[in-house]
Structure formats: C-alpha cells, structure tokens
Amino acid sequence: MSQELLSPAEERFERIRKTTGFFLGPLLFLTLLLIPIPALAPAAHQLLAVQGWVVIFWVTEAIPLPATALLGALLAVFLGVAPPKEVLAPFADPIVFLFLGSFILAEAIMIHGLHKRFALAILSKRFAGRGPSRVLLACGLITAVISMWISNSATTAMMLPVALGVLDAMSEVKSPGRRFASGIMLMIAYGASVGGIGTPVGSPPNLIGIGFIQSLAGVKITFFEWMLLTIPLLVVMYGVLFLILKILHPSQETDFKNLPDLARAAQSQHGGWNRGERNAFIAFCVAVLFWILPSLLALIYGKEHAFVHLVSSRLDESVVAVFAALLLFILPINWRERQFTIGWSQAVRIDWGTLILFGGGLTLGKLMFSTGLAEFIGSQLTEVTGVKSLWGVTGVAIALSILVSEATSNTASASMIIPVMIALAKSAGISPVPPALGACLGASFGFMLPVSTPPNAIVYGSGRVPITAMIRVGVIFDIVGFFIIWGGLWVLCPIFGWS
C-alpha cells in the first residue's frame, strides 16, 4: 500500500514492522546457523538459516520482496549450499517467460484501453441497470473476468474510477447509501482476487503453484486443465461473494434505470476501435487459442496421440506467451512512422520484480528438496498437526496459506508454503497435487486487511470502505473460501487423476 493511503497510526505500525524485520531477519539467520541441529545435513542446516532470514523479510517487507528473493539466492551461494549454476538456473525457468509474455500482453491491453472498452460494454447493457443488485453483480463480473487475464492490482486500479463513476451516476438518480458504496468497493477488490484464480496468468501464485507442482511433484498442469479446475471454483466463489455483499451492504434505493444510458454515453466518448486496440485484441486471442489448443486436441484425439504430442511440445505455454508478446512489437499502428502496438519503452514498465521474486522462490523451493530440508519441515509439521490423510493435509495447506497471505503478499505466501506442503505430502505417502493446489489457491484469499493484498489497499484508499467493513466481510469470505477450495478440490482432483 502506498504511504499516502495510510493513516498516521498505520504509518507508525508499518515503520515498526519493517524496522523490526530489518534487524530480526539477520538475527534469526545467525541464531539458526549457530544452533546445532543434528537431524539436518550441513547444507540443509545452512539453508534453514537462509530461509529464516528470507521469511522474516518477506513477512515484514523490510526490503522490497524481489530484493529479498535475490538475497536468499546469494546467501545460498555464499554458504556453499549449492553452486551458482544450480541456484541461479530457476531465474530463467520457462514459467518466468510465461510471466514475461503475459505481463507485456496485459500492458498493451491497458495502454490502448481495451480493458476499459470491455468494462463499458458490459455496463451499457440493460441487465446492469435494473437495480443496485444488478449493478453490484455487473461490476464484480467485469472485474473478475478482466482479472483472469491481467493482474488483480492493475484490474482494481482500472476498475476503481469506473466504480466511482457508477456510484456518482447512481447518486444523480437516487443515493444508494454509504453501505452500498462500500459494498461496491469491496466487490471490486475481492472480485479481482477471485477472478485471478481463473487462468494460470491471472495471478502470480497460480504460475508459482504450477511451476512447483511440475518441478517438485512431476505433474504438468496445462493451461486448459487449470481453467477446467478453477472456473467452477471461481463461479461458486463469486456467487457467494455477491450474496455476502448483497446481504451485508444493501442499497437504500432500488431504481437506477438510466445507468446503461450513462455507460453508453461514455462508450461514445471512447470512440471506435483504434488500430492499437485491434492489434492487442488479435495478440490476446492468439495467446488464448494457442494456450488451450493442445488440451482441446487431447480431448479429441487422446493425450497419447502423436499429433497431440507434437503440438504440445511446440506450443508450450511459455513459448506462446512470448510469441503473443512479440506480435505486439510487429503489428503496426502507424507503419509510415514505424509505430507498433507496443514499444520497448512501454514494455519495460511491466512488473519485473515479480519475475525476480518468482525465480528466487523457485530457487529456494528446489534447494529445500535437494538438501532434504523440505522433507524435514514436512515431517515436523506432520508430527505437530497429527494430520496424515490427503484431505487433512490439503485442509492444513489451505488454512495456512490463507492465514499467511493476510500478513504478506500472495506471491511470497505461495513461494513459502507450496514447497513445504509438497514435502509434507510426500513424507505422508500421499499425492502432493491437492495440498499444493490448496496452498496455491489459498494464497489469493487475503481479504481481511488493507495490507493483505494490493486490491484491498487500493479500494481502502478511496475513503469509501471502513476498516470494520473490510474485516467483517473478509473474515466471512476467508472462512467460506476455505470450504469452497477444499470442497472443490475434493470433488475435482479425482476427476483429473490428481488424488
């Protein structure tokens, strides 16, 4: 959360939190390094000390999260846990290039206003103007669908002025009341987080989970398989979110029939499709088509068919993402001036920090397995919780991930918890996929506080959301979300053969 959005009391808390972490991290590192732990091999013992420092810095954000990821990798090299080639290789993992391509594609979509055109198109429908419940439903639907393809933070930042405009338009007819206004704001924030689980590129924890499951559990989850798993969960989560906000944040008025007319007026001002929008839409469609094509062919011909193997090997998700991004540098918007859909000066504005953070998290996760540290932590966690069954371990993974995500970023939460849960599952002799997926999806459920996730911070900064309202709805949705994720995995994972 940016400092201008914090109250003086919150600024003091953030300063204390970061200062405490700045000194506690190296102190914990030295303590763990010096304490004898006979059960651990020297490399695992040293890595435990590194992980202690990294976790403290990630939770307290003493320094930027990507810098902490680099710190962990460098400490592992300095201490001799592994050679530089092994430590730094995950920073060039194919999943990193999937991040890279999808981030550039999302940047082009936002630069040319394609996301805004999509939002106004939905708001202009008569469906959205027949009462406040329809307005709430439409705003959340727009947010969730957009968040499936670009980051939840960018989606929320884009939808905030749209939602404020909707509230102003409603007030011109009849005031919907403060409770409804805060409900709309919470719908934008939570809808973005919920929508982010719908595709592998919707939220960083998704790709982190897919990467860990493939590298540590040996199971490859395709783009289409991920959507088949998560879209049902998304639909249920969104329906529950809508009901919670409809009940807790009702409008004091019911008639807003002219809202679609106002949206259509905004559409007219937006104008017709320009060349940049068309090109961005073409690249987006190419990416989605090639992402799901191998899975569609597998459904038709079977996974073992030679043609399916050929297409799958050529159309890897990472390669497709980079190809779609490169199209943006090739498709012109003004050939005479040599202007293309996106330029490098625009492309470099993507979130490079997330790429570094993911690389660092993947490095530490792999080292935890190669040194035996993950198995040690997993066995200790099994002894403490007493949980050894597949769905018991999955429940622990979901709950732990939700709790940790309230205190730190969802990316850091996924990076810390998923490797441990895979190790715990392996030590218990059960499938590691459901617990890893539970930790991955649970990382997106930080709903209680403004500091839990950027979407929460963005809408809290609007001044329309009392902290008590966010906590009340967040607690309810966290609890309900736990059961939706657990129940969804319990039903769907056996269908995919992952249990």
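## His45 and its contacts

Setting aside neighbours within four places in sequence, His45 contacts Leu32, Leu33, Ile35, Pro36, Ile37 and Leu40. Contact means heavy atoms within 4.5 Å. His45 sits in helix H2 (residues 42-60). Helices (H or I, at least four residues) and strands (E, at least two) are DSSP runs, numbered from the N terminus. His45 has a relative accessible area of 12% and is therefore buried. Buried means under 20% relative accessible area, exposed over 50%, and partly exposed in between (1.4 Å probe, protein chains only). Thr371 is 326 residues away along the chain, yet the C-alpha atoms of His45 and Thr371 are separated by 8.8 Å.

This is a predicted model: local features need pLDDT of at least 70, side-chain atom pairs count only at pLDDT 80 or more, and totals for chains, interfaces and linings use all residues. Residues are numbered from 1 along each chain as its sequence is written, and side-chain values use heavy atoms, with hydrogens and water left out.

## Chain overview

The protein chain has 23 helices and two strands. Of its 499 residues, 54% are buried. Take the contacts between residues at least 6 apart in sequence: 79% join residues at least 24 apart.

The chain exposes about 20500 Å², with 68% supplied by carbon and sulfur atoms. Accessible areas come from the Shrake-Rupley method with a 1.4 Å probe; for residues, only the protein chains shown count as cover.

## H3 against H17

Two packed helices are described by the angle between their axes and the distance between the axes. For H3 (residues 65-78) and H17 (residues 352-371), the axes come within 8 Å and cross at roughly 35 degrees. Axes are lines fitted to C-alpha atoms, for helices over the stretch in contact; angles run from 0 to 180 degrees between N-to-C directions.

The crossing is left-handed, meaning the near helix is turned anticlockwise from the far one by less than a right angle. H3 contributes Leu65, Pro66, Ala69, Leu70, Gly72 and Ala76. They meet Gly353, Ile356, Leu357, Gly360, Leu364 and Leu367 of H17.

## A buried loop serine

Ser203 lies in the loop between helix H9 (178-195) and helix H10 (204-217). Its relative accessibility is 3%, so Ser203 counts as buried. Beyond four places in sequence, Ser203 touches Gly196, Asn410 and Ser444.

## Nonpolar surface patch

Leu296, Leu299, Ile300, Tyr301, Phe307 and Leu310 form a nonpolar surface patch of about 610 Å². H13 (275-301) and H14 (306-314) each supply at least two of its residues. H13 gives the largest share, four residues. Ile300 belongs to H13 and counts as exposed because its relative accessibility is 61%.

Like charges are joined within 9 Å, nonpolar side chains (Val, Leu, Ile, Met, Phe, Trp, Tyr) within 5 Å.

Key
Patch = residues over 30% accessible without salt bridge, like charges linked within 9 Å, V, L, I, M, F, W, Y side chains within 5 Å. Salt bridge = Lys/Arg side-chain N within 4 Å of Asp/Glu carboxyl O.
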